Structures are given as C-alpha cells and as structure tokens.
Amino acid sequence: MESTFDRYLRAIDNHLCCSQANRDFYIPMYKNFKVWFTQEMRRVDRVFDKLCTGVTSFGTYSEWKGDQMQPNEFVMLYILGFPSPVTVSPDKLRPGYVQLNMLSVLEKLTDMDEYEEVYFKLNNFVDPSNANLRRTELQAWISSVIRKALKAAKNVDYDITYESQYNTETFHFLRVRQRAHPNSTIKVDIAPVIPFGEVSWMHKHKFANFQDVLYHTFYAVPISTTKPPRKTRACTFLIINPIAENQLLWSNPTLCCVFRLLISMCHGCKLSQIKNYFLINILLWELKMQKETLWDNSIEDIFKHMLSQLWTYFIDRFLPDFWTKDCNVLNILSQDEITLYEKMLRNICDLFLTYSQRQQLTLDRMRNIFLKSN
C-alpha cells in the first residue's frame with residue numbers, strides 16, 4: 001500500500017517535471033534552429049567547418065525524461081574531431097577533469113597542406129610549455145564564431161540574444177525567439193566538446209547492462225573549475241559521458257524521479273555545494289553495487305536509501321568518481337564545508353525519518369523542503 005510520504009514525493013516530482021507534450025511543442029523549432037545555425041557557423045569560419053564533425057545533445061532530446069531542464073531549454077554540443085588522437089590524461093588535482101595534449105595532433109597537421117589554417121589556429125590554442133590545449137582559448141574562439149555567425153546571418157527567421165558572449169568559463173547561452181511566432185522562445189546552451197575513447201588509466205566496470213562500448217563515448221568539455229592552482233586551471237576539461245548516463249540512468253523513470261527529488265532537496269535545503277555530478281556518481285555506484293531488485297521498491301524507499309548514501313559519503317569524506325575511482329569528487333570542497341554538510345544531511349535524514357512515520361503529514365510541509373527555491 002502506498003504511504004502518504006511516497007504519495008507526496010510523487011506529487012512534488014510531478015511539480016518538478018513538465019510533460020513530454022510541453023517539450024514536443026518546442027522540438028521542431030529547436031531542430032530547425034540547430035540545422036540553420038550550424039550551417040551559419042560553418043559558413044563564417046573555415047576552421048570550424050573542418051573540425052566540426054557533428055552536433056549532439058546531453059542524451060537525446062526526443063527521448064527527454066523531464067529532468068531539471070525546462071521544456072524550452074536545449075543543449076547543443078559541437079563535436080570537434082582531429083586527424084590524430086588527442087592524448088588524454090587525468091588532472092590529478094581536480095577529480096573528474098582531464099588535460100588534453102595536442103602534440104601528436106599538431107605533428108600530424110604539419111604534413112597536411114589542406115589543414116594549414118587549422119594548424120595555425122590550434123597552435124595558438126595550446127600552452128607552449130607543454131602543448132596542452134587551453135580551455136580558455138578554445139572557448140574564446142567558439143565565442144567569436146558564434147558572434148560572427150550572428151552578425152553575418154541574412155534573412156533570419158529568429159531574434160537571437162547571445163547572453164554569455166564574454167563568459168568563457170561555461171556554456172554559451174542563446175535566447176532564440178521565432179519572429180513568426182513571437183511567443184515561442186527557446187534557450188540553447190552551446191559548447192564545443194572533444195570526444196575520446198578508452199584510456200588505460202580509467203577504471204573498468206563490469207555489471208549488468210554495462211557495455212564496453214560506453215568507454216568509447218566520452219567528451220571533454222571546456223567548463224571551468226575553481227579548484228586551485230590557478231596557473232593550470234586554464235588547461236583542464238570536465239569529463240562527461242552523456243550516452244552512458246542516458247543508457248544506464250535516464251532510461252529508468254524511477255531513477256529520473258529520485259534524481260530530480262535529490263536536486264530539488266539540495267536547492268531547498270541550501271546545500272548549494274552538492275553538485276549534480278555528485279548525485280550522478282552516487283546513482284552510478286548504486287546501480288553497480290546494489291541488486292536490481294532495489295529499483296523495484298517504492299520512490300520513498302529508493303529516495304531515503306540514496307539520501308542515506310549521500311550522507312555516508314560525507315561522513316567518510318570520500319566519494320570516488322565513477323570513471324576514475326582514485327579521485328575523490330568531494331575534493332572540490334573544503335574540510336569545513338564537508339563537516340557542515342555532513343551535519344546538515346544528518347539532520348535532513350532524521351527529519352525525513354520523522355516525516356515518514358507521521359500520520360498527519362501534510363503536502364505543504366513536504367513542499368516547504370523541496371520547493372523553497374522554485
């Protein structure tokens with residue numbers, strides 16, 4: 001029999017995620033814009049045209065699961081391919097990040113006359129002391145390509161605002177309004193990504209539903225981190241594997257629901273330093289370590305289990321990165337922050353235990369925890 005606590009969790013989740021029908025309204029506009037804008041970027045920059053091998057998203061937008069993104073928000077990842085493999089090494093100072101050495105790529109390009117322009121451009125992007133690709137230079141170049149494409153576009157069907165043209169630390173944010181339908185606006189985050197496959201230093205997992213092909217679907221994204229030292233921060237790239245996450249996690253509606261609830265709880269309880277990728281790591285580890293029958297339990301049971309695991313990792317002060325397990329994801333936090341969050345999570349666990357046992361629990365009381373910032 002469904003408990004009151006479980007029923008309220010589902011009600012809150014329904015508030016957090018909008019329907020697929022709402023998403024479907026914006027997908028045709030997004031698809032048309034993606035094709036048109038990619039063509040414009042290729043047209044205005046020959047180096048981009050040669051390096052860009054395609055555009056993808058986090059997962060597949062047509063299979064959107066109603067996560068924390070709004071129905072009109074989309075992500076465009078421009079995949080940059082090189083004639084020789086990039087040497088990928090872990091950034092030992094920053095868990096979940098890598099450094100990209102371009103020496104073999106540049107050497108290969110010197111023998112390719114038709115890529116002379118590409119060689120000179122990429123050569124300006126690397127650190128002269130070690131040939132590592134500089135994230136900041138790559139982002140500045142993509143920003144310039146976006147601005148050139150917007151300036152040169154003719155007979156445009158859209159009003160476009162580039163809202164992060166001077167920010168080379170994260171994604172490039174476009175607000176796109178269709179002129180024929182002024183009330184139709186989409187928000188598009190753009191970033192270049194560099195694909196790489198299996199590397200020797202990465203931990204190999206073996207469990208049900210995990211396929212080795214998922215070790216060949218990594219992207220390095222030029223997203224900043226505040227982790228010192230500052231002098232090497234410009235050459236670090238975040239690792240993502242959206243194909244693996246989509247296959248392992250987001251194809252499961254229960255995991256999607258629990259993930260949304262955990263994110264909302266962190267926002268509502270002012271746990272701002274608990275990043276989304278902390279929770280993704282925990283979900284992946286639990287998927288590997290637990291019996292499959294765990295995911296057949298109620299939303300209440302799974303939510304409380306995941307919350308308890310989150311608290312446990314803070315007690316231990318160690319949350320291993322799923323792909324590079326020797327790296328502690330919590331290293332981006334100070335020891336004082338870990339201590340504070342451990343106490344806060346303990347109180348939250350105690351609170352939810354009390355709520356789950358309370359006969360007269362109200363939905364408004366639950367909402368006050370999850371929806372304070374919404």
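**Briefing on the predicted model**

Within the protein chain, helix α3 (residues 46-51) has the highest confidence, at 97, whereas helix α7 (residues 242-250) has the lowest, at a mean of 80. The model is a predicted one, and the mean pLDDT of the protein chain is 86.

**Confidence**
- A pLDDT of 70 or more is reached by 91% of the residues of the protein chain.

**Helix α12**
- Three residues of helix α12 (residues 363-370) are buried, namely Met-366, Ile-369 and Phe-370.
- These residues lie on the same side of α12 because the arc they cover around the axis is only 90 degrees.
- The cover over the buried residues of α12 includes α1 (4-16) and α8 (253-268), as well as α10 (299-316) and α11 (335-357).

**Domains and their interface**
- The domain assignment divides the protein chain into domain 1 (19-241) and domain 2 (252-370).
- A distance of 29 Å separates the C-alpha centres of domain 1 and domain 2.
- Contact between the domains involves 18 residues of domain 1 and 17 residues of domain 2.
- The area buried between domain 1 and domain 2 is about 1,700 Å², with 68% of it on carbon and sulfur atoms.

How values were computed. Residues numbered from 1 in each chain as written. Predicted model: local features only at pLDDT ≥ 70, side-chain atom pairs only at ≥ 80, totals over all residues. Heavy atoms only, no water. pLDDT = per-residue confidence, 0-100. Helix = DSSP H or I, 4+ residues; strand = E, 2+ residues; numbered from the N terminus. Buried < 20%, exposed > 50% of the residue type's maximum accessible area, 1.4 Å probe, protein only. Arc of directions from axis to C-beta. Contact = heavy atoms within 4.5 Å. Domains from an automatic or database assignment. Buried area = accessible area lost by both parts, 1.4 Å probe.
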